[in-house]
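Q: Hi! I've just opened this one and could use a hand finding my way around. Could you walk me through a few parts?

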Amino acid sequence: MGPELDKAIAEFPIRSWLEKFTRIYSAGNVIYADCPVCLGKKRLGIYRTSRLGFPIAVCGRCKDGGHNQGRWTGSTTLPSLVRLLEGGSWSQTFKLIHSLSGVSEPPWERPAETKAEKIPKDAFPLSSLQPDAAAIQMLQRRHAAHLISHSYLVIGGKYHERVIFPCNYQGKYTGFEAKGTFPAQDPKSLFGTNMETQQAVYTAVGNRDDCQDLVITESVLDAETFHTLPTNAAGCYGSFKEAQVESIIRLGPARIYWFLDADAWSKLWPAICHLLPFAENYVPPMKGKEDPNSLGPDGCWNYLNESRKIEAELDLIGFGLELGRDL
Ligand SMILES: [Zn+2]
């Protein structure tokens with residue numbers, strides 16, 4: 001995603017598109033309509049400019065629960081609403097957004113050359129594989145189908161049967177993760193040689209310059225699980241490291257949500273201490289063996305909303321007690 005997609009979303013003809021699905025009542029800065037999911041009269045509102053800086057769709061009735069048919073949480077971004085109502089893949093959704101808004105879609109380019117190992121030359125673009133290929137199925141199962149157009153599969157050699165995720169920090173290529181296609185592959189992840197995983201963090205594909213909410217996770221796929229949610233996400237290439245503080249601050253978040261795996265609870269307070277001067281810090285109610293990718297986008301959205309603001313160590317201890325955690 002880039003500035004072209006932001007422009008396409010900003011110029012997307014919401015009214016004429018939505019008319020295919022439902023009745024519309026007004027079309028100023030906020031477009032009201034009957035909700036196509038729960039059929040609630042005038043309950044869907046699409047806010048062209050939201051607090052987050054991009055369009056948000058909300059249905060109060062779907063949000064209340066019991067009416068949304070399990071299809072959405074009642075609140076989502078414009079691209080997600082387009083995908084929800086149109087069906088199809090993310091790349092089809094983006095194609096439609098570009099085509100209806102008249103803003104042309106930029107071609108995907110391989111990341112620029114750096115010291116880090118380049119994408120292996122014999123890697124196949126995932127987009128050239130059949131839809132039933134194991135690598136594609138793995139991404140779909142892991143809530144990351146949007147990465148199909150950006151990722152590769154290697155057959156043979158050091159990265160045999162691994163999916164290559166190019167890794168970027170704010171648009172700058174830093175190397176790649178080679179993720180096992182099958183659960184039995186060990187280790188689950190390899191990284192390209194000379195890849196910087198101590199100071200750099202992975203910045204997720206859909207991150208936006210104008211978003212001030214940042215989720216911190218432990219991996220590429222954990223970070224990408226937030227792709228459909230109105231927040232930026234970063235991955236720490238394993239556990240959070242003190243040396244990554246600067247990479248995080250430079251992303252300029254106003255609010256940080258610590259979605260580290262549940263077993264990292266004891267490392268949370270030292271981590272938060274580093275960021276307290278720069279941003280508000282929130283902790284989600286992660287339990288047991290949960291991680292963002294196993295929770296999925298809906299579970300992550302719920303946890304974002306249930307996150308507790310942490311300003312002192314006692315806040316975290318209190319929250320831990322409420323959650324019944326071993327402290
Ligand atoms: Zn609804």
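This is a predicted model: local features need pLDDT of at least 70, side-chain atom pairs count only at pLDDT 80 or more; totals for chains, interfaces and linings use all residues.

Q: Good to know. How many bridges join β14 to β15, and do they run parallel or antiparallel?
A: Three bridges join β14 to β15 (residues 280-283), and the two strands run parallel.

Q: What packs against β12 (213-217)?
A: The buried residues of α10 do, and they also pack against α7 (220-224).

Q: Which residues of α10 are those buried ones?
A: They are P292, N293, L295, P297, C300, W301 and Y303.

Q: How far apart are the ends of α10?
A: The end C-alpha atoms of α10 (residues 292-305) are only 14 Å apart. A straight helix with its 14 residues would reach 20 Å, at 1.5 Å a residue.

Q: Where does α10 bend?
A: At D298, by about 80°.

Q: Changing topic: what is the strand order in the open sheet of five strands?
A: The order is β6-β7-β8-β9-β10, and the pairing is antiparallel. β6 (124-125) and β10 (189-191) are at the edges with a single partner strand each, so one side of each has no neighbour in the sheet.

Q: How many bridges are there between β8 and β9?
A: Eight bridges join β8 to β9 (residues 172-180), and these strands run antiparallel.

Q: Is I164 buried or exposed, and why?
A: I164 is buried, because 24 other C-beta atoms lie within 10 Å and 20 or more is enough to count as buried.

Q: What does I164 touch, leaving out residues up to four places away in sequence?
A: I164 touches I119, P120, A123, S151, Y152, V154, Y159, F176 and A178.

Q: Last one: how far is I164 from P183?
A: Their C-alpha atoms are separated by 16 Å, and the two residues are 19 residues apart along the chain.

Terms used
Residues are numbered from 1 along each chain as its sequence is written. Helices (H or I, at least four residues) and strands (E, at least two) are DSSP runs, numbered from the N terminus. The expected span of a helix is 1.5 Å times one less than its number of residues. The bend at a residue is the angle between axes fitted to the seven residues ending there and the seven starting there. A residue is buried if 20 or more other C-beta atoms lie within 10 Å of its own, exposed if 12 or fewer, and partly exposed in between; C-beta atoms are placed from the backbone. Two residues are in contact if their C-beta atoms, placed from the backbone, lie within 7 Å. Two strands pair if DSSP finds at least two bridges between them.
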